[in-house]
Amino acid sequence: MTTIFGLADNYTINECKYFLNSLQQIDFQGELILFSNTLKARNVKKYKFCKIIKKPLKYINLTYDENILRYYYFLDYIKENITHNDKILFTDIRDTIFQNNDIFDTVMEKGIYFFRENKNNLIFTEDWHNIWYKDIEREDMLDLNSKKKFIYCSGIHLFKNKQYAIQYCELFKQKATDYKKYTWKLMDQPVHQMVIYEDKIESKKLFYNENNKFVFHMGLCDEGEYSVNEHEYEAKNYTLKNKKYSNTKICLEKSIPSIIHQYDRRERATNLIEKLYS
């Protein structure tokens, strides 16, 4: 049974509905743990797989961004409540939907799967992320070869079991503590890069969007990388096996990714998702 973890604080049920409806449509058989002080159990009553957990009060005095603190919440919950040895997925909520169960059904080759934002953009060289990286660049918190390293999303990671999820969260907490010495605004993205390129994580696999059947990050992709309807599919002469689904899914050339992330930055994708998951 896969357990999904997400943070939905300050979200309304409307902001979560595409995410929740997409999980329901693929008949998700695992458990979704949402940390939120705004959503209530009655808001998600029809989603049998969903459980709302209040944010722990023990971290209330930490002046960290919520995207940092979510990994503190996840770690405590996993240690105290997860007894199974199946997959764990950490994910963003508001701009994420599920298209199929492939990511849950896969036999993982490594302990942790990380997913690259873009095939070209490198750390410190891409404007969207640079605002988050200035402090670690100034303080040399990544090695001198960092500009040759790709950017991996801080919002979605897949773990083979709880052992690897705990390892990631504990390293994340340590890096966050180190990084906090140099900045007033602690963000998850630079901390995540430091963890990814940490030698202590040996059992990891790094994916890029291109024909990756698990996660497709749309924010920095090229418009030509995906299709959203049958006409585009035919025009691009895709070799996708599941052709009959191509007019109701966001497709890559050879795959239908399980997870679509950052769709709200793409009008065509947003229009399709609003139609499918409202």
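This is a predicted model: local features need pLDDT of at least 70, side-chain atom pairs count only at pLDDT 80 or more; totals for chains, interfaces and linings use all residues.
Let me first set out the overall content. The protein chain has 278 residues, and 57% of them count as buried. It holds eight helices and ten strands. Among contacts with a separation of 6 or more, 72% are between residues 24 or more positions apart. The accessible surface of the chain amounts to about 13,100 Å², and carbon and sulfur atoms contribute 46% of that area.

I turn now to the sheet that contains β7. Seven strands make up this open sheet, in the order β3-β2-β1-β4-β7-β6-β8, with mixed pairing. The edges are taken by β3 and by β8, residues 204-207; each has a single partner strand, so one side of each has no neighbour in the sheet. On average, neighbouring strands here are turned by 20° against each other, direction ignored.

β1 and β4 are parallel and share three bridges, and Ile4 stands opposite Leu89 in β4. Strand β4, residues 88-90, is in turn antiparallel to β7, again over three bridges.

Strand β7 itself covers residues 152-159, and eight of its eight residues are buried. On to β6, residues 112-116, which pairs with β7 in the antiparallel sense over four bridges. In that pairing, Arg116 stands opposite Tyr152 in β7.

How many of the five residues of β6 are buried? Five of the five are, so the strand is largely enclosed by the rest of the structure. Both of its faces are covered, with Ile112, Phe114 and Arg116 buried on one side, and Tyr113 and Phe115 buried on the other. Beyond β6 comes β8, which runs parallel to β6 and is joined to it by four bridges. The bridge partner of Tyr113 in β8 is Lys205.

Helix α6, residues 188-196, lies across β6, β7 and β8, running at about 55° to β7.

There is also a second sheet. Three strands form it, in the order β5-β10-β9; this sheet is open as well, with mixed pairing. Its edge strands are β5, residues 96-98, and β9, residues 215-217, each of which pairs on one side only. Neighbouring strands in this sheet are turned by 15° against each other on average, direction ignored. β9 and β10 are parallel over three bridges, and Val215 stands opposite Ile259 in β10.

Next, helix α1. It has 13 residues, which at 1.5 Å a residue should span 18 Å; the C-alpha atoms at its ends are 17 Å apart, in agreement with that expectation.

Most residues other than glycine have a negative phi. Just after α1, however, Asp27 takes a positive phi of about 60°; this residue is in the loop between α1 and β2. Gln262 likewise has a positive phi, of about 70°, although it is not a glycine. Its place is the loop between β10, residues 259-261, and α8, residues 267-277.

Is Gln262 buried or exposed? The cut-off for buried is under 20% relative accessible area. Gln262 has 2% relative accessibility, and therefore counts as buried.

How values were computed. Residues are numbered from 1 along each chain as its sequence is written. Side-chain values use heavy atoms; hydrogens and water are left out. Helices (H or I, at least four residues) and strands (E, at least two) are DSSP runs, numbered from the N terminus. Buried means under 20% relative accessible area, exposed over 50%, partly exposed in between (1.4 Å probe, protein chains only). Two strands pair if DSSP finds at least two bridges between them. Axes are lines fitted to C-alpha atoms, for helices over the stretch in contact, and angles run from 0 to 180 degrees between N-to-C directions. The expected span of a helix is 1.5 Å times one less than its number of residues. Contact means heavy atoms within 4.5 Å. Accessible areas come from the Shrake-Rupley method with a 1.4 Å probe; for residues, only the protein chains shown count as cover.
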